[in-house]
Amino acid sequence: MSFFAACGTSNNTKNEGAETIDLQQTDYTFFEDSLNIEFAKNFEISKHSNFKKLVLHSRLNNKHEVSEYYLVKRGTPYPKGVHSSKVIEVPVRKVVALSNTHVGMLDRLRGLSALKGVDAHDYIPDRTIRTKIESGEIKEVGAYSKLNEELILAMKPDVVLYDDMGQDETYPALKSQGICLLPISSWQEETPLGRTEWLKVMALLLDKPERATLAFDRTRENYFSWKSFADTLDRSVNVICGLPYKGVWHMAGGKSFTAQFIEAAGGNFMFKENDVVAAVPVDFEVVFKKAQQSQVWLNVGPVKTKEELVDLDERYALFPPYSLNRIYNNNGLEIDGVNAFWYTGYLNPDLVLKDLIKIIHPEAFSDSTLVYYRPIN
């Protein structure tokens, strides 16, 4: 069974005989607000008389998979010919979010009241949510192989959100009981604004499209304002990023959102020839040789000091950014000891871009204050 099959299966007795209506019925309308998609490539929204159709795309492992969902106003009939397990009643009241990025979207849209389950509190930089977890109001359900499916079944959520990582099979016990599983492919988007635009998917679930439109339009305007400024600056600064894992350097792809950020900030990403979105394994020796022409080094994992960096491998001291003191990490904003970059950073690409312009072109700013990044000293 493909994990894109549905929010449940056709042999689900709970949903058999569910009321249906014709897809073309036009005797009443809702969802008057429309959501235009400008940058995201992995979801589509089409508006019909009494429902909205959400189409999700996954483009992993040389496969293009498509799944479809139908959003109807809570309490109204379901579309005819569509199994109720593929229908989501909105606004959703019970959401299980298996990634802190999903929680961040709910937070941005003022929809945290619908949050009833998370994977773990460790990665959520929000004191209010963590307090609710401690009190049991929000449940910790785990994720992937450690997911507590029995707990989720007892919670009866409207939808479970999970990151689409190309799994061949995901949570079959939940599917068999008609639990709606919604794969989020935002991380597969090539552009920063494409990732941010997934806020509109969450807005559909909350039935608050106007909130997503307002937030996104403001962010887009700020992003392009900073990008236009960066376009006037010199592009001779060479940038590398990351650290090796188990001996292999998984370098950001040339079409990745990291590469897009560096380009928009007026930098020259030194591995932009890797014409893919996903990270590309590169031998250390290849990175070492190319890095000799670099001036800036970004996103060095858990490292917080230069001493920690050379403790991992003394050869890092031979990378020019080390002696230039131009190594930066995206853990500059911590809340209660938790890195907030993946909670709010992808929703604020304008602020991330401004950080990167300051890092790559410090001469263009009198103020060196950063939000999501910090120097490694």
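Student: How many salt bridges does a search of the whole structure find?

Tutor: The model is a predicted one, and side-chain atom pairs count only at pLDDT 80 or more. Side chains of opposite charge can pair when their charged atoms come close. With a salt bridge taken as a side-chain nitrogen of Lys or Arg within 4 Å of a carboxyl oxygen of Asp or Glu, the search of the whole structure gives a total of 17.

Student: Is Lys-200 buried or exposed?

Tutor: Lys-200 lies in helix α6, which covers residues 199-206, and leaving aside residues up to four places away in sequence, Lys-200 touches Leu-35, Asn-36, Ile-37, Phe-43, Ala-212 and Phe-216. The cut-off for burial is a relative accessible area under 20%. Lys-200 has a relative accessibility of 4%, and therefore counts as buried.

Student: Which residue meets the side chain of Lys-200 in a salt bridge?

Tutor: The N to O distance of this salt bridge is 2.9 Å.

Student: How many residues apart are Asp-275 and Lys-255, the pair that links distant parts of the chain?

Tutor: Asp-275 and Lys-255 form a salt bridge in which the closest N and O atoms are 3.8 Å apart. Asp-275 is placed in the loop between β15 (268-269) and β16 (280-282), while Lys-255 is in the loop between β14 (248-251) and α8, so that the pair links distant parts of the chain, with a separation in residues of 20.

Student: Which of these two counts as exposed, Asp-275 or Lys-255?

Tutor: A residue is exposed when its relative accessible area is over 50%, and partly exposed between that value and 20%. Lys-255 has a relative accessible area of 32% and is therefore partly exposed. At a relative accessibility of 53%, the residue that counts as exposed is Asp-275.

Student: What is the orientation of α8 and α13 to each other?

Tutor: Two packed helices are described by the angle between their axes and the distance between the axes. The axes of helix α8 (residues 257-264) and helix α13 (residues 349-360) come within 9 Å and cross at roughly 60 degrees, and α8 passes α13 in a right-handed crossing. The two helices, α8 and α13, are therefore oblique.

Student: How many nonpolar residues does the contact of α8 with α13 have?

Tutor: From α8, the contact is made by Phe-261, Ile-262 and Ala-264, and from α13 by Pro-349, Val-352, Leu-353, Leu-356 and Ile-360. By class, the contact has no polar and no charged residues, and the number of nonpolar residues is eight.

Technical notes
Residues are numbered from 1 along each chain as its sequence is written. This is a predicted model: local features need pLDDT of at least 70, side-chain atom pairs count only at pLDDT 80 or more; totals for chains, interfaces and linings use all residues. Side-chain values use heavy atoms; hydrogens and water are left out. Axes are lines fitted to C-alpha atoms, for helices over the stretch in contact, and angles run from 0 to 180 degrees between N-to-C directions. Helices (H or I, at least four residues) and strands (E, at least two) are DSSP runs, numbered from the N terminus. Angles under 35 degrees count as roughly parallel, over 145 as roughly antiparallel, 65 to 115 as roughly perpendicular and the rest as oblique. A crossing is left-handed if the near helix is turned anticlockwise from the far one by less than a right angle, and right-handed if clockwise. Contact means heavy atoms within 4.5 Å. Ala, Val, Leu, Ile, Met, Phe, Trp, Tyr, Cys and Pro count as nonpolar, Asp, Glu, Lys and Arg as charged, and the others, Gly among them, as polar. Buried means under 20% relative accessible area, exposed over 50%, partly exposed in between (1.4 Å probe, protein chains only).
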